[in-house]
Amino acid sequence: MIQKEMLEYQDLDLELEKIKNTVGKSPDNVIRVRAGKQLAACKAKINEIMPKYKNLRAQLDNARKKLEAICDQVDKVGQELENVEMDEQAVYMLKKLTAQKNELAAVEKDIKDMGQQYAEAEVSLRRLSKDKAVYEQEEKVHYEKAKEFSAQFRPRIAEIKSLQEKLKAKIDPELMTAYERRVGQVKTIFVPLTDGNRCGGCRMEMPPAQVSKFQTKNFILCEHCNRIIYKKD
């Protein structure tokens, strides 16, 4: 049989897990976790939009400077055109003026498109900033309430930890190590040997060499389901 101290230790572990679940499923903690996830998603979205927003602002500034420069050129060419006769020079300057006006129209279109994207990004950032503030407040409020709720279990948790430390000193170190490696991995850690050579968990046959270890040990390990097998008295 498995040491009774080991089984008592496991029972205390199960009680700790039950307390953890009770605290985790409390209404305030559920709201806190949900608000935390919403807050994280909100921050991620802000971090995604912010570089685009800043880049658009820089592009708009450059485009506006370019627009001013083209407008100056258009005015300059227009003034020069007034002072030339209709010859080859005038034809050249008319083409130059037309090209600059086309460039001006293209830049104006770019500014309009970028301005729309910039405005949309700004609206999104404003909305996200408001949401972020709401989620931060919600997480903070319910964190404090969840903390207050969990405080009532602290004395018992401390008591369990103390009892486990005392039990641990009496448990076979090899068995304790095997248990600690498996706790949380399988629902039932300890299972009996059945039919003389089968694991009571997965029903797989144990090799004779493995079963023979019961001559010197109180347990063996199942290589199939990872459980700890004990032999019934």
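Tutor: Accessible areas come from the Shrake-Rupley method with a 1.4 Å probe, and for residues only the protein chains shown count as cover. By that method the surface of the chain is about 15,700 Å², with 51% belonging to carbon and sulfur atoms. This is a predicted model, in which local features need pLDDT of at least 70, side-chain atom pairs count only at pLDDT 80 or more, and totals for chains, interfaces and linings use all residues. Residues are numbered from 1 along each chain as its sequence is written, and side-chain values use heavy atoms, leaving out hydrogens and water.

Student: Why is Arg-203 called partly exposed?

Tutor: Buried means under 20% relative accessible area, exposed over 50%, and partly exposed in between (1.4 Å probe, protein chains only). Arg-203 has 39% relative accessibility, so it counts as partly exposed. Its phi is near 70 degrees, a positive value in a residue other than glycine.

Student: Why does Asn-226 count as partly exposed?

Tutor: The relative accessible area of Asn-226 is 27%, so the label is partly exposed. Asn-226 also has a positive phi, about 70 degrees, although it is not a glycine.
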